[in-house]
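Visitor: I'm new to this one. Could you walk me through how to read it?
Guide: Happy to. Let's look at it together.

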Amino acid sequence: SPVYVFGDIHGNLEDLHFFADNLWKLGMDLAAGHFLFLGDYVDRGMSCLEVVAYLFALKVLYPYKITMLRGNHETRDVNGWEAHYLDKSFLFQCKERFGVELGETVWEEVNQAFDRLPLAAVIDHEIFCIHGGIPRPVKDLHSSEIQSILSMPHVVSIMPPYDHETDWMKQVGTDCIWSDPASEDMETILDETGFGESPRGGGAVCFGNAAIENFLAANNLSYIIRAHEAHAYGVALSKGARVFTVFSTSKDHRQGDKALAGCILVDNEKIQVINRSPKYKNRYVHRRTSMTLANLSTEEIEERRRLGLVRFSIAMEDMSRLLNARNLEDENGEVLAETHRPGF
């Protein structure tokens, strides 16, 4: 600590801008503390590529300042489900941006990186952080749930699994990215270890008070911080205030126009909630006018427009008129066109 903990982003660049504008405005290298993201960077939002590119860039620039965990949407079975997420599918957005062949290559390369993301983290030897929740014990092989996580291969696909992933690996991986805290009315139907079938279905599990107590006591931990569930206030408490759920996107989850995007600051002896108000307006400028198009062919300009790199300040149907006049400059010497930078 101090550590800022973020939940699901889901392709919402606007809320990510809010956190960047307020928490690492001068750059992560000049910001106090560390930054922990709990997964679900893609799907549901319209800026999945931009979110992933920005977070990966931060990881490359500041590898010891930012940690990215894996969520259930960092799997091919989920982020490739175009029939369900339609234009908000990560695979769809890759193909829409780059074309089918190159888009599928980009999608696969990003998923190769997702295969290597860790499943969990611990803050100050006291706070367990994960996307979904604690996994069921694998008693025949490991002495604890944390030992099971540490025993996972460095490269796993989970959904669908690689050939080298055994049954216990698939169970641990799935539990880490899919499980939820059990509701109070479900506590009576959980098994003796405190686990039970999740209302999500599909083999997902939920964990109750007994599982939480056993896990925290066995590993000398105090709290669990996880993501995976939408909350209108950005952060929610459950299970006797031992489980924090953080959600860092305010959109695309049927939480209403007044939903908040939240994060949690773990700092020495306090845990602080930071929310984005719906009234907050980002101060980022997404467009600039410093790029000349004068030496580009019509085909090159059209290709940049198709990729979302260039858009004209007049209607697209007037494109031919603009291209014919592309050598005309304004009084500042700038060509009368503007470029669009996806993301930051």
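**Reading helix packing and burial**

Guide: Let's start with two helices: the axes of α2 and helix α6 (residues 100-114) come within 12 Å and cross at roughly 45°. That makes α2 oblique to α6. Before we go on, a word on the source: this is a predicted model, where local features need pLDDT of at least 70 and side-chain atom pairs count only at pLDDT 80 or more, while totals for chains, interfaces and linings use all residues. Residues are numbered from 1 along each chain as its sequence is written, and side-chain values use heavy atoms, with hydrogens and water left out.

Visitor: How do I read the words "helix", "axes" and "oblique"?
Guide: Helices (H or I, at least four residues) and strands (E, at least two) are DSSP runs, numbered from the N terminus. Axes are lines fitted to C-alpha atoms, for helices over the stretch in contact, and angles run from 0 to 180 degrees between N-to-C directions. Under 35 degrees counts as roughly parallel, over 145 as roughly antiparallel, 65 to 115 as roughly perpendicular, and the rest as oblique.

Visitor: Which residues in α2 and α6 meet?
Guide: Contact means heavy atoms within 4.5 Å. Here L49, V52 and F56 in α2 meet V106, V110, A113 and F114 in α6. The residues of this contact divide into seven nonpolar, no polar and no charged. For those classes, Ala, Val, Leu, Ile, Met, Phe, Trp, Tyr, Cys and Pro count as nonpolar, Asp, Glu, Lys and Arg as charged, and the others, Gly among them, as polar.

Visitor: At what angle do α2 and α5 pack?
Guide: α2 and helix α5 (residues 90-98) pack at about 95°, with their axes 9 Å apart. That makes α2 roughly perpendicular to α5. On the α2 side, C48, L49 and E50 make the contact, and on the α5 side F90, Q93, C94, R97 and F98 do. This contact of α2 with α5 divides into five nonpolar residues, one polar and two charged.

Visitor: Why is α1 called largely enclosed?
Guide: It comes down to burial: buried means under 20% relative accessible area, exposed over 50%, and partly exposed in between (1.4 Å probe, protein chains only). In helix α1 (residues 13-23), nine of the 11 residues are buried, so α1 is largely enclosed by the rest of the structure. Among the buried ones are L13, D15, H17 and F19. Their cover includes β1 (3-6), β2 (34-37), α2 (48-61), β12 (261-267) and β13 (270-276).

Visitor: What happens at the start of α1?
Guide: A polar contact is a pair of N or O atoms within 3.5 Å; within protein, one must be able to donate a hydrogen and the other to accept it, and residues adjacent in sequence count only if both atoms are side-chain atoms. At that end of α1, a side-chain oxygen of N12 reaches to within 3.2 Å of the backbone nitrogen of E14.

Visitor: Is S248 buried or exposed?
Guide: S248 is buried, with a relative accessible area of 0%. You'll find S248 in the loop between β11 (243-246) and β12. Its side chain reaches the backbone oxygen of G262 at 2.6 Å.
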